[in-house]
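Here is a model to question term by term. Each reply sets a value against its cut-off and then concludes.

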Amino acid sequence: MSLIEELIEALRCLPGVGPKSAQRMTYHLLERDREGGRRIAHGITEAIEHVGNCRSCRTLSESELCPQCIDTRRDDSLLCIVESPMDVLALEQSASYRGRYFVLMGHLSPLDGIGPQELGLDLLEKRLDNGVVEEVILATNPTVEGEATAHFISEMAHARAIRTTRIAHGVPLGGELEYVDSGTLGHAMTGRQDY
Amino acid sequence: MRNNRDHFHNAFVLHVRPFRNSSQIVELFTEDAGRVGVVARGASRGKSPLSALLQPFTPLQLSWSGRGELHTLGRVEMREMAYRLPGRRSICGLYANELLMRLLHRGDSHSELFRLYHKLLQELSEGGDEAPLLRSFEVRLLEEIGFGFDLQLDCSGLPILPEQHYGYNPEQGIVPLAENGAQQFTVMGKTLQWLRSTELDVERQILREAKQLLRTAIDYHLPVELESRKLIAQYGALS
């Protein structure tokens, strides 16, 4: 395989990149932007080499502790459980939460061989044991596996008499009811609140 | 069987895994075609309504096209609201899914089993004790795929007696215990009789014996450790 073919093939591992776009990217870099190409190569090598997992919350981090875990202004008594580092980003952008995070890097999925061990729930258990956390906020995805994961963690918290809450699910802001899928609408109806 | 986009099949999702950029490979359990694998194009794209539909425990109606191992998913509609299995029960549901995934071959039709699976989900969502529901599903599942027990007669052709102790040997079936001393466990005849009817109101001891018997039989036909079973055990260790 030539170097060009090799690069095209390699780029296809990226999400959203098929054979045609991989080809365009390769020729663009080689014809017009070799400097940009070098930056990408350097960025990828460095990131792969140096980004690991935060010791405390398991999210992706280049230092031993991630910025959210280091930040002393955050509320230690709140612990939000999410499935992926992208979920942390999404919640941070909503600017609605100033507590700590714990990132599972997945959800319980027996058919994929993912159990409590793979999700670092032993680490979470230790964290709940140290007595600082007063509320566990379950922000796993509203899928069957996400719910099962949330429930498993809630049992862990209940065994230690820690309050657990689940984020609300429902109609998106600015949305119209007629376009919301029936599952979500059903959930929104069941979870209605006094007004 | 017709494989076209206008022919709708009743189905449940057993398992979903990501495939390529934004597609998913979905393992279905269908009423008329058994276990079927389909590719759902674009299903994991952010706001796709497909991913909301393609969840386990949801009675679906869907179509597919194409030949070979993996078909292409056509249209999907929700037939009824998804069964909501709270907490531990959802793991029981996932356990049933794992059994179906591992024990059924693609394309073997099992309409009766489909009906039983639907009933299991319904009953799990209604509350009550899950153990008799799971045992009932397990014993019928084994029957459906040709690994059932003879619950009327033991291996020597004598009728099962309620107070007699029995053992189980995968090769021979139900063995009256006097004949075979080296058994790992024993079941009473009344446990075997219960397995014929699997009424919900049942003694704990019978359930315990039935669980052990069915577990031995399933493990014999399925020499891998069931992850969902491990998970149920870990649940028990929490409280």
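Q: What makes the contact between R115(B) and E112(B) a salt bridge?
A: The model is predicted, and in it the side chains of R115(B) and E112(B) meet at 2.9 Å, N to O. The cut-off is 4 Å between a side-chain nitrogen of Lys or Arg and a carboxyl oxygen of Asp or Glu. The pair therefore counts as a salt bridge.

Q: Where do R115(B) and E112(B) lie in chain B?
A: Both are in helix 3 (residues 111-126). They sit three residues apart, about one turn of the helix. An α-helix has 3.6 residues a turn, so residues three or four places apart point the same way.

Q: Why is R115(B) called partly exposed?
A: Its relative accessible area is 44%. Buried means under 20% and exposed means over 50%. R115(B) falls in between, so the label is partly exposed. E112(B), at 35%, is partly exposed by that rule too.

Q: What makes E227(B) and K230(B) a salt bridge?
A: Their side chains meet at 3.5 Å, N to O. The limit is 4 Å, so the pair qualifies. Both residues lie in helix 7 (residues 227-238) of chain B, three residues apart, about one turn of the helix. K230(B) has a relative accessible area of 34% and is therefore partly exposed.

Q: Which residues are joined into one network by salt bridges that share partners?
A: They are D71(A), R73(A), R74(A), E92(A) and R98(A). One link is R74(A) with D71(A), at 4.0 Å, N to O. Over all chains, the whole structure has 23 salt bridges.

Q: How do you know whether R74(A) and D71(A) are buried or exposed?
A: R74(A) has a relative accessible area of 5%. D71(A) has 16%. Buried means under 20%, so both residues count as buried.

Q: What makes helix 2 of chain B mostly covered?
A: Of its 16 residues, 14 are buried. The helix runs over residues 88-103 and reaches 23 Å from its first C-alpha to its last. That is close to the 22 Å expected at 1.5 Å a residue. In chain B as a whole, buried residues make up 52% of 239.

Q: What is the secondary structure of chain B, and what does its C-alpha trace span?
A: Chain B has seven helices and eight strands. Along its principal axes, the trace spans about 60 × 45 × 30 Å.

Q: Why can L30(A) be part of a nonpolar surface patch?
A: L30(A) has a relative accessible area of 31% and is partly exposed. Patch residues need over 30%, so L30(A) passes that cut-off. With I4(A) and Y27(A), L30(A) makes a patch of about 220 Å². L30(A) is found in helix 2 (residues 19-32) of chain A.

Q: How is chain A divided, and what separates the domain centres?
A: Domain 1 covers 3-50 and domain 2 covers 60-194. Their centres, taken over C-alpha atoms, are 34 Å apart.

Notes. Residues are numbered from 1 along each chain as its sequence is written. Chains are lettered from A and ligands numbered from 1 in the order in which they are written. This is a predicted model: local features need pLDDT of at least 70, side-chain atom pairs count only at pLDDT 80 or more; totals for chains, interfaces and linings use all residues. Side-chain values use heavy atoms; hydrogens and water are left out. Patches are made of residues with over 30% relative accessible area and no salt bridge: like charges are joined within 9 Å, nonpolar side chains (Val, Leu, Ile, Met, Phe, Trp, Tyr) within 5 Å. Accessible areas come from the Shrake-Rupley method with a 1.4 Å probe; for residues, only the protein chains shown count as cover. Helices (H or I, at least four residues) and strands (E, at least two) are DSSP runs, numbered from the N terminus. Buried means under 20% relative accessible area, exposed over 50%, partly exposed in between (1.4 Å probe, protein chains only). Domain bounds come from an automatic or database domain assignment. The expected span of a helix is 1.5 Å times one less than its number of residues.
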